[in-house]
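Open the structure in your viewer and keep the selection tool at hand.

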Amino acid sequence: MVTHVPSEAHGDERGALLNFIEAQRGAVRRSVLGLTEEQAASRPSASELSLSGLLKHVAETELGWLRLAQQQPNERQRTEETWADGFRLERDETIQGVLAFWDGVAKETEELLRTVPSLDDTFPLPDAPWYPRDARVSMRWLGMHLVEEIARHAGHADIIRESLDGKGAFDLVALERA
């Protein structure tokens with residue numbers, strides 16, 4: 001990790017989870033620093049992933065997990081037909097618009113994890129072949145899963161950004177601080 005994740009007050013598990021989630025969000029967000037919309041949409045490797053598409057996917061994925069935990073409908077739920085649209089900006093979507101959307105999702109995630117009565121509270125996983133039948137997971141699991149999910153895509157973003165202009169994670173931290 002290229003940024004220091006500040007420690008929380010002793011025993012503040014919620015704060016620690018939120019800080020680690022935010023550190024990974026920052027890595028994905030920094031991947032588009034200084035790029036044009038066209039550069040961020042480019043695919044410099046055999047992969048179909050672009051930086052702007054990853055940004056959108058990660059924001060929508062966090063929303064999906066948030067809505068599952070809240071047990072509310074996901075207003076951006078993808079279908080088999082629209083799945084690929086979650087990996088590219090469409091029509092009038094912009095990087096700034098996706099970042100603003102993600103900021104709103106992040107605030108909701110923080111509010112949920114700070115106010116839920118207990119991190120041991122659970123919610124059901126959806127019916128899917130990759131989840132155990134009738135499985136439930138805790139809010140703690142949600143926080144740790146968001147770290148895992150976002151970090152996985154932060155790694156993808158690192159490779160794509162380096163392929164575009166040679167800037168690595170340390171370069172982007174310095175650019176952000178400049």
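Angles under 35 degrees count as roughly parallel, over 145 as roughly antiparallel, 65 to 115 as roughly perpendicular and the rest as oblique. Axes are lines fitted to C-alpha atoms, for helices over the stretch in contact, and angles run from 0 to 180 degrees between N-to-C directions. Helices (H or I, at least four residues) and strands (E, at least two) are DSSP runs, numbered from the N terminus.

This is a predicted model, in which local features need pLDDT of at least 70, side-chain atom pairs count only at pLDDT 80 or more, and totals for chains, interfaces and linings use all residues. Residues are numbered from 1 along each chain as its sequence is written, and side-chain values use heavy atoms, with hydrogens and water left out.

**Stop 1: α1 and α4**

Select α1 (13-30) and α4 (residues 95-115). Their axes come within 10 Å and cross at roughly 170 degrees. α1 and α4 are therefore roughly antiparallel to each other.

Now show side chains. On α1, pick Arg14, Gly15, Leu18, Ile21, Arg25, Val28 and Arg29. They meet Leu99, Trp102, Asp103, Ala106, Thr109, Glu110, Leu113, Arg114 and Thr115 of α4. Contact means heavy atoms within 4.5 Å. Colour this contact by residue class: seven are nonpolar, three polar and six charged. Here Ala, Val, Leu, Ile, Met, Phe, Trp, Tyr, Cys and Pro count as nonpolar, Asp, Glu, Lys and Arg as charged, and the others, Gly among them, as polar.

**Stop 2: α1 and α5**

At what angle do α1 and α5 pack? The angle is about 20 degrees, with the axes 8 Å apart. α1 and α5 are therefore roughly parallel to each other. The crossing of α1 with α5 is left-handed (the near helix is turned anticlockwise from the far one by less than a right angle; clockwise would be right-handed).

From α1, the contact takes in Glu13, Leu17, Phe20, Ile21, Gln24, Arg25, Ala27, Val28 and Arg30. From α5, select Arg140, Gly143, Met144, Leu146, Val147, Ile150, Ala151, His153, Ala154 and Arg161. By class, the contact of α1 with α5 has eleven nonpolar, three polar and five charged residues.

**Stop 3: α4 and α5**

α4 brings Trp102, Thr109, Leu112 and Leu113 to the contact. α5 brings Met139, Leu142, Gly143, Leu146 and Ile150. Seven of the contact residues are nonpolar, two are polar and none is charged.

**Stop 4: the core**

Which residues touch the most other members of the largest nonpolar core? Select Trp102, Met139 and Leu142, out of 38 residues in that core. A nonpolar core is a set of buried Ala, Val, Leu, Ile, Met, Phe, Trp, Tyr and Cys residues joined through side-chain atoms within 4.5 Å. Buried means under 20% relative accessible area, exposed over 50%, partly exposed in between (1.4 Å probe, protein chains only).

α1, α3 (51-70), α4 and α5 each supply at least two residues of this core. α3 gives the most, with nine residues. Zoom in on Leu142. Beyond its neighbours within four places in sequence, Leu142 contacts Trp65, Ala69, Leu112, Leu113 and Phe123.

**Stop 5: the α3-α4 loop**

Select asparagine 74, in the loop between α3 and α4. Asparagine 74 counts as buried, at 19% relative accessibility. Setting aside residues up to four places away in sequence, asparagine 74 touches Leu63, Gly64 and Arg67.

Next, aspartate 85 lies in the loop between α3 and α4. Aspartate 85 counts as buried, at 16% relative accessibility. Apart from neighbours within four places in sequence, aspartate 85 contacts Lys56, Arg78 and Glu90.

Then go to glutamine 71, in the loop between α3 and α4. Phi of glutamine 71 is near 55 degrees, a positive value in a residue other than glycine. Glutamine 71 is exposed, with a relative accessible area of 52%.

**Stop 6: the β1-β2 loop**

Finish at aspartate 134, between β1 (122-124) and β2 (136-138). Aspartate 134 is not a glycine, yet has a positive phi of about 60 degrees. Is aspartate 134 buried or exposed? Aspartate 134 is exposed, with a relative accessible area of 67%.
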